[in-house]
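Please keep the coordinates open while reading.

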Amino acid sequence: MLKNRPSLSNLFTPLLKKRNVSDYKLVDQNELKWKSQKLLGTDTIRPKVQMPQDQFMSLPEWWALNTVDFLNQLYLLVGVISDICTEASCPVMCAGTQQIAWTEDAYSRPTTVSAPLYMENLLAWIESQLENPVLFPPDGSFAPKFRQVIQIIYTRIFHFYAHIYFHHVQDLRRMGEESHMNTCFSHFIVFCDEYDLLDPKDTKILSPLMRQVLERNPRIQ
């Protein structure tokens with residue numbers, strides 16, 4: 001833990017708006033969209049995912065802060081597609097022909113669920129992880145296995161994007177939301193690439209799209 005730096009709880013807790021998962025359609029979408037556009041702008045994303053050198057925080061704290069941002073983006077995107085990704089249209093969570101089961105924890109059996117239920121579970125589960133002081137300690141004393149915690153969270157977020165890109169891109173295009181979806185996805189992928197937080201074997205299904213994103217945002221030597 002670094003000395004002389006603000007409390008982690010003061011840094012990221014206020015950004016996580018307490019809400020009922022069933023109320024995700026009520027998220028202030030204009031506010032979140034404005035924040036992401038302000039963060040990313042039209043320039044390359046790569047410099048914006050790198051930890052600011054003038055901040056008194058550790059790398060795990062930087063990952064924790066960005067995880068809150070990714071959760072807020074998920075709330076926005078789930079709200080956007082909630083009327084088109086339904087129990088009737090998507091009775092099984094999948095990406096193309098690849099089914100994606102839900103697992104509550106390492107000791108639970110994988111369960112086949114609908115895409116809307118997977119997303120609802122995902123939002124609630126990420127919030128529960130962020131609120132767990134053992135996993136996300138307010139004093140910044142992260143456990144050595146914290147990288148594994150983040151990797152599990154990010155793999156599940158990736159599953160969300162995989163479903164959307166395979167099954168709802170045309171819907172988002174008609175709604176005028178495709179550009180924002182692409183911005184959120186690019187931000188997420190470049191961040192994960194910067195810190196090697198996604199296993200390539202888990203992301204093959206979107207590898208052509210990811211390659212395009214990373215070619216536009218190469219690593220800074």
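Contact, as the word is used here, means heavy atoms within 4.5 Å. This is a predicted model, in which local features need pLDDT of at least 70 and side-chain atom pairs count only at pLDDT 80 or more, while totals for chains, interfaces and linings use all residues. Residues are numbered from 1 along each chain as its sequence is written, and side-chain values use heavy atoms, with hydrogens and water left out.

The predictor's confidence in each residue, from 0 to 100, is its pLDDT; the mean over the protein is 82, and 79% of the residues reach 70 or more. Over residues 1-42, however, pLDDT stays under 50, although the model has 76 contacts beyond four places in sequence for this stretch. Where pLDDT is low, the predicted coordinates should not be read in detail.

Helices (H or I, at least four residues) and strands (E, at least two) are taken as DSSP runs and numbered from the N terminus. The protein has nine helices and two strands, and the order of its elements from the N terminus on is α-α-α-α-β-β-α-α-α-α-α. Among contacts with a separation of 6 or more, 77% are accounted for by residues 24 or more positions apart. Of the 221 residues, 47% count as buried, where buried means under 20% relative accessible area, exposed over 50%, and partly exposed in between (1.4 Å probe, protein chains only).

What does the interior consist of? A nonpolar core is a set of buried Ala, Val, Leu, Ile, Met, Phe, Trp, Tyr and Cys residues joined through side-chain atoms within 4.5 Å, and the largest one here has 62 residues, with Tyr-154, Phe-160, Tyr-161 and Phe-188 having the most contacts inside it. Two or more residues are given to this core by each of helix 4 (59-81), helix 5 (115-130), helix 6 (146-167), helix 7 (169-175), helix 8 (178-195) and helix 9 (207-216), and the largest share, 14 residues, comes from helix 4. Phe-160, leaving aside its neighbours within four places in sequence, is in contact with Leu-74, Leu-77, Val-78, Ile-81, Met-93, Met-119 and Leu-122. As a general background, nonpolar side chains tend to be buried together in soluble globular proteins.

Helix packing can be described through axes, which are lines fitted to C-alpha atoms (for helices over the stretch in contact), with angles from 0 to 180 degrees between N-to-C directions. Angles under 35 degrees count as roughly parallel, over 145 as roughly antiparallel, 65 to 115 as roughly perpendicular and the rest as oblique. The axes of helix 4 and helix 8 come within 11 Å and cross at roughly 160°, which means that helix 4 is roughly antiparallel to helix 8. A crossing is left-handed if the near helix is turned anticlockwise from the far one by less than a right angle, and right-handed if clockwise; that of helix 4 and helix 8 is left-handed. The residues that meet include Trp-62, Trp-63 and Phe-70 in helix 4, and Met-181, Phe-188 and Phe-191 in helix 8.

Phe-70, placed in helix 4, is buried, with a relative accessible area of 2%. Not counting residues up to four places away in sequence, Phe-70 touches Tyr-154, Ile-157, His-187, Phe-188 and Phe-191. Phe-70 and Phe-188 are 118 residues apart in sequence, yet their C-alpha atoms are 7.2 Å apart in space.

Helix 5 and helix 6 form another pair, packing at an angle of about 155° with their axes 11 Å apart; they are therefore roughly antiparallel to each other, and their crossing is left-handed. Among the residues that meet are Met-119, Leu-122 and Gln-129 in helix 5, and Ile-153, Arg-156 and Phe-160 in helix 6.

Gln-129 lies in helix 5 and counts as buried at 15% relative accessibility. Leaving out residues up to four places away in sequence, Gln-129 touches Leu-135, Phe-136 and Ile-153. Leu-135 itself is found in the loop between helix 5 and helix 6 and, at 21% relative accessibility, counts as partly exposed. Beyond its neighbours within four places in sequence, Leu-135 is in contact with Gln-129, Phe-142, Phe-146 and Val-149; the C-alpha atoms of Leu-135 and Phe-146, 11 residues apart in sequence, are separated by 7.0 Å.
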